[in-house]
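Me: Hi! Could you walk me through a structure I'm looking at? Here it is.

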Amino acid sequence: MTTSTTAPPRADSELVGRLRADLRSAGYTVDGVSALLGPLAGAALDREQTLPAQRVTADADSPVGTLVRLFTLGDAVDEAEAGAALPTLGVTGALDLGLVTLQGPGVVATCDLRPYGDEQHEWWVASDLSELATRQPLREDHVLGIGGASTTLASWTPRPQVDRALDLGTGCGVQALHLGAHARHITATDISERALAYARFNALLNEVEWELRAGSMLEPLVGERFGLIVSNPPFVITPRRAGVPLFEYRDGGASGDTIVADLVRSIGEHLEPGGIAQFLGNWEIVGDADWRDRVRGWVAGTGLDAWVVQRELQDPAQYAETWARDGGHHSATAEFASMYAAWLDDFASRGVTAIGFGVITLQRPASDREPFVCLEEATGRVAAPMGPAVLEGLRARTWLAEHSDDDLLAVAWRCAPDVTEERHGRPGADDPSVILLRQGGGLGRTVRLDTAMAAFASVCDGDLTAGQALTAIASLLDVPADELRASALPVIRELVAGGLLVR
Ligand SMILES: C[S@@+](CC[C@H](N)C(=O)[O-])C[C@H]1O[C@@H](n2cnc3c(N)ncnc32)[C@H](O)[C@@H]1O
């Protein structure tokens with residue numbers, strides 16, 4: 001393994017307290033940095049282009065400008081400027097913490113340190129310097145900062161109040177920071193001692209407490225149960241071949257999609273009744289098989305409810321390009337070509353024709369009932385954050401799994417507030433030929449309805465029960481009520497599960 005040459009920062013509470021005070025007084029916050037950078041440089045940085053931000057901050061004579069240059073862009077800054085940006089900690093304190101090192105007449109950061117937040121919180125997160133800052137390919141023990149996958153998981157996580165939560169493969173601790181808003185006790189694990197050192201530092205910097213455990217996957221958790229488990233696991237499918245770097249942050253050391261399959265199969269014993277687990281994952285699609293069959297096979301026999309949403313599909317070449325490039329390898333090099341070939345060979349050896357990416361949400365039923373399994377594709381825009389809709393969706397599916405058709409017919413359903421109806425028809429036609437219900441939030445579902453179900457949706461205002469409404473519609477349309485009920489029930493179930501009808 002190629003290992004990093006600098007140690008992670010030290011979790012020294014006195015020095016970290018001074019750092020916190022300096023970051024706060026500099027206004028080194030998400031809003032402070034975006035106000036400084038402006039939309040153009042901010043958006044370029046999101047696309048991993050540093051030049052516009054370097055131009056903006058070159059003349060910014062302010063502590064926040066210095067901190068951006070030092071800790072986000074990886075540029076050298078004058079020692080005096082660094083001292084002015086960190087007046088309480090001082091350059092000596094920053095050296096002592098292991099945040100910077102001297103370079104000629106200036107200082108350079110030895111780690112990335114950025115503000116991060118959600119609607120209610122402002123945090124700072126330290127991680128290894130990105131390849132943008134080092135201008136070098138990453139080391140295999142690299143500790144990742146906050147990336148697209150981290151924010152996807154954070155957005156999708158359902159957030160009920162729980163006593164105990166687990167962040168599996170915590171890295172720098174980003175998911176654990178989010179869990180702090182709704183979990184009393186947080187355990188965070190990682191196989192990497194380097195990642196755990198960053199997590200320890202970040203917990204101290206953000207004044208939160210986590211129980212940190214070293215170990216592979218579920219090994220350090222024997223006999224323990226949680227109300228919520230989240231994981232952005234090392235799910236990247238990686239060829240086991242010399243010359244392909246085995247980055248700890250993305251590769252769990254197994255072949256194919258085994259790491260995610262194993263997690264799905266074994267997570268149940270760590271969930272309390274009613275407990276929820278959510279992870280991101282990749283799955284292989286072999287030949288012309290349906291991805292649902294593969295993932296259904298992982299869930300089968302676990303006794304868990306499952307709701308899996310496939311968000312993306314890549315062919316083996318697209319996947320190879322993404323991951324051969326990740327980590328700082330340029331596509332014009334022989335090294336890249338050799339990795340590209342290794343990925344193609346690896347997929348070909350198993351007959352893989354596509355790779356799915358998605359969000360897996362599992363729940364241990366709180367009662368003795370048949371688990372539900374829902375596997376669907378949603379590749380468009382979804383609500384942000386998506387977690388509230390995931391929690392509502394789990395609750396709706398749980399209610400459906402625990403109630404009979406008669407119970408469902410006895411409820412006076414309402415159309416959710418974000419649902420609208422769309423009618424399309426030929427010009428001059430009296431009746432529409434297409435009636436659609438559209439969901440504004442959640443997965444942004446569209447459900448096509450026939451005339452009877454459109455009439456049903458139009459009376460779903462919490463007044464009539466479903467049974468009463470269907471009887472009235474059957475008489476209006478002059479169709480047998482039992483036939484209408486039989487055809488309506490699966491549609492009502494779909495609308496309830498999807499969050500378009502609520503109680
Ligand atoms: C994709 S990163 C996720 C980091 C962070 N939780 C996030 O959401 O951005 C995966 C993490 O899993 C860790 N990891 C890799 N192999 C592991 C294993 N076998 N057991 C536990 N953690 C592992 C890596 O060190 C890394 O921190």
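Me: Which polar backbone atom is 3.3 Å from an oxygen atom of the ligand?
Reply: That one belongs to G171. A polar contact here means a pair of N or O atoms within 3.5 Å; within protein, one must be able to donate a hydrogen and the other to accept it, and residues adjacent in sequence count only if both atoms are side-chain atoms. Before we go on, this is a predicted model: local features need pLDDT of at least 70, side-chain atom pairs count only at pLDDT 80 or more, and totals for chains, interfaces and linings use all residues. Residues are numbered from 1 along each chain as its sequence is written, and side-chain values use heavy atoms, leaving out hydrogens and water.

Me: Ok! And what does the side chain of D190 do with the ligand?
Reply: An N or O atom in the D190 side chain is 2.6 Å from an oxygen atom of the ligand. There's also S216, with a polar side-chain atom 3.0 Å from a ligand nitrogen.

Me: How much of the ligand does the protein bury?
Reply: The protein buries 95% of the 590 Å² that the ligand exposes when taken alone. Those areas come from the Shrake-Rupley method with a 1.4 Å probe; for residues, only the protein chains shown count as cover.

Me: How many residues surround it, the ligand I mean?
Reply: 16 residues do, and the closest are S150, G169, D190, M217 and Y249. Being near means having a heavy atom within 4 Å of the molecule.

Me: What classes are in that shell?
Reply: Five nonpolar, nine polar and two charged residues. Ala, Val, Leu, Ile, Met, Phe, Trp, Tyr, Cys and Pro count as nonpolar, Asp, Glu, Lys and Arg as charged, and the others, Gly among them, as polar.

Me: You mentioned M217. Where is it found?
Reply: M217 is in the loop between β8 (211-214) and β9 (226-231). M217 has a positive phi of about 40 degrees although it is not a glycine.

Me: New topic: which residues does a cis peptide bond join?
Reply: A384 and P385, with omega at about 0 degrees. P385 is in the loop between β13 (373-377) and α15 (387-402).

Me: Zooming out, how many helices and strands has the chain?
Reply: It has 19 helices and 18 strands. These are DSSP runs numbered from the N terminus: helices are H or I with at least four residues, strands are E with at least two.

Me: And what box do the C-alpha atoms fill?
Reply: Roughly 90 × 55 × 50 Å, taken along the principal axes.
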